[in-house]
Amino acid sequence: MPSALSMFLSVIPSSTTAPPDPAPTSGASGPVPLTSTELNTAVSTLNQTLLQVAIVIGVGLVVWLTATFVIRQIVKSVLAGPVLSERRIFKWAAPALRALDSERRAQRARTIGSLLNSVVAVVITTIVVIYVLKALGVDIAPLLTSVGILGVAIGFGAQQLIRDFLAGIFITLEDQYGIGDIIETGMGEVTGTVESVGLRITRVRADDGVIWYLRNGEILRLGNRSQGSYVPPVQEAPAPEDSGEPVVEETSNGGQRSSE
């Protein structure tokens, strides 16, 4: 006779038993774990890339700081008053530096120093960006081609702007005129006192109070009255107007006669 325990187990439904684990399908794919060798290689490559980027940025920063320091020292020496052309190291450049001996050397020194700082910053930044992209594995050949084509397009579109800037640089270097000078453009179109000299625009106040903005690239002929020995023309006295009344003149014998 079966026992009570066996009878109780016989009445439990079969659904309560745990289902078997499903067999793994052949099509399922999971993440492939990296081996220690591959992980070390990836970390080493990343470290080398970051090191190259840091070196490029560091070298660019050092070059920029050095160039800025040199430009600042030159500007300070010009502002302090000593003439650069008198120094032995600058004897060969005496004709080019002679313009700095005038009273407006401070203004020109600041302008030229600011221009040089801008040019140095743009050149160094461009070189650093190119080398950083190269260190990151970016193919810079198409990028350089695109930049070259874009530069040519901008150059054609901004010819007048570039012309104005180049003319402003030479006006500043050659000391053609400065603030406070009385200038006269070709054909006497504009005559007045210079109030501001920029790399693109020169502002002139005419005698009648009108402010003229002259683009440096369009100034083809100009006269500076302050630099030369300008002598204003002598104005002739206006002839007396005929009022219609007779003019009384004295004669040699003391008499008087009238003339119409």
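This is a predicted model: local features need pLDDT of at least 70, side-chain atom pairs count only at pLDDT 80 or more; totals for chains, interfaces and linings use all residues.
**Entry 1: the model**

The mean pLDDT of the chain is 75, and 67% of the residues reach 70 or more. Helix H1 (residues 4-11) has the lowest confidence, with a mean of 51. Strand E4 has the highest, at 93.

**Entry 2: the sheet**

I traced the strand order next. Five strands make an open sheet in the order E4-E3-E2-E1-E5, and the pairing is antiparallel. Strand E4 (211-215) and strand E5 (222-224) are at the edges with a single partner strand each, so one side of each has no neighbour in the sheet. I noted an average twist of 40 degrees from one strand to the next.

As a reminder to myself, strands of a sheet pair through backbone hydrogen bonds.

**Entry 3: pair by pair**

I then went through the pairs, starting with E1 and E2. Strand E1 (residues 182-185) pairs with strand E2 (residues 191-197) over three bridges, in the antiparallel sense. Here I found Glu 184 opposite Thr 191 of E2. These two strands form a hairpin with five residues between them. In its turn, Met 187 has a positive phi of about 65 degrees.

For E2 and E3 I found five bridges, again in the antiparallel sense. Gly 192 stands opposite Ala 206 in E3.

Strand E3 (residues 201-206) and E4 run antiparallel and are joined by five bridges. Arg 205 has Ile 211 in E4 as its bridge partner. Four residues lie between the strands of this hairpin, and among them I looked at Gly 209, which takes a positive phi near 95 degrees.

How many salt bridges does a search of the whole structure find? I have five in my notes. One I followed up is formed by Asp 164 with Arg 215, where the closest N and O atoms are 3.2 Å apart. This pair links distant parts of the chain, since Asp 164 belongs to helix H6 and Arg 215 to strand E4, 51 residues apart.

**Entry 4: the second largest pocket**

Arg 215 turned up again when I listed the lining of the second largest pocket. The volume of this pocket is about 200 Å³. Its lining also includes Thr 185, Gly 186, Trp 212, Tyr 213, Leu 214 and Leu 220. Which strand gives the largest share of the lining? I found that E4 does, with four residues. By class, I have six nonpolar, two polar and four charged residues down for this lining.

**Entry 5: the cavity**

The structure holds one cavity of 30 Å³ or more. About 70 Å³ of space lies in this largest cavity. It is lined by 10 residues, and the closest to its centre are Gln 107, Arg 108, Thr 172, Tyr 177 and Val 197.

Which helices each supply at least two residues of the lining? I wrote down helix H4 (105-135) and helix H6 (159-174). H4 gives the most, with three residues. By class, the lining of the largest cavity has three nonpolar, four polar and three charged residues.

How values were computed: Residues are numbered from 1 along each chain as its sequence is written. Side-chain values use heavy atoms; hydrogens and water are left out. On a 1 Å grid over the protein atoms alone, a cavity is a set of points where a 1.4 Å probe fits but cannot get out, and a pocket is an open set with protein on both sides within 12 Å along at least five of seven lines; lining residues have an atom within 4 Å of a point. Grid points are joined across faces, edges and corners, and a volume is the space filled by probe spheres set on the points. Ala, Val, Leu, Ile, Met, Phe, Trp, Tyr, Cys and Pro count as nonpolar, Asp, Glu, Lys and Arg as charged, and the others, Gly among them, as polar. Two strands pair if DSSP finds at least two bridges between them. Axes are lines fitted to C-alpha atoms, for helices over the stretch in contact, and angles run from 0 to 180 degrees between N-to-C directions. pLDDT is the predictor's confidence in each residue, from 0 to 100. A salt bridge is a side-chain nitrogen of Lys or Arg within 4 Å of a carboxyl oxygen of Asp or Glu.
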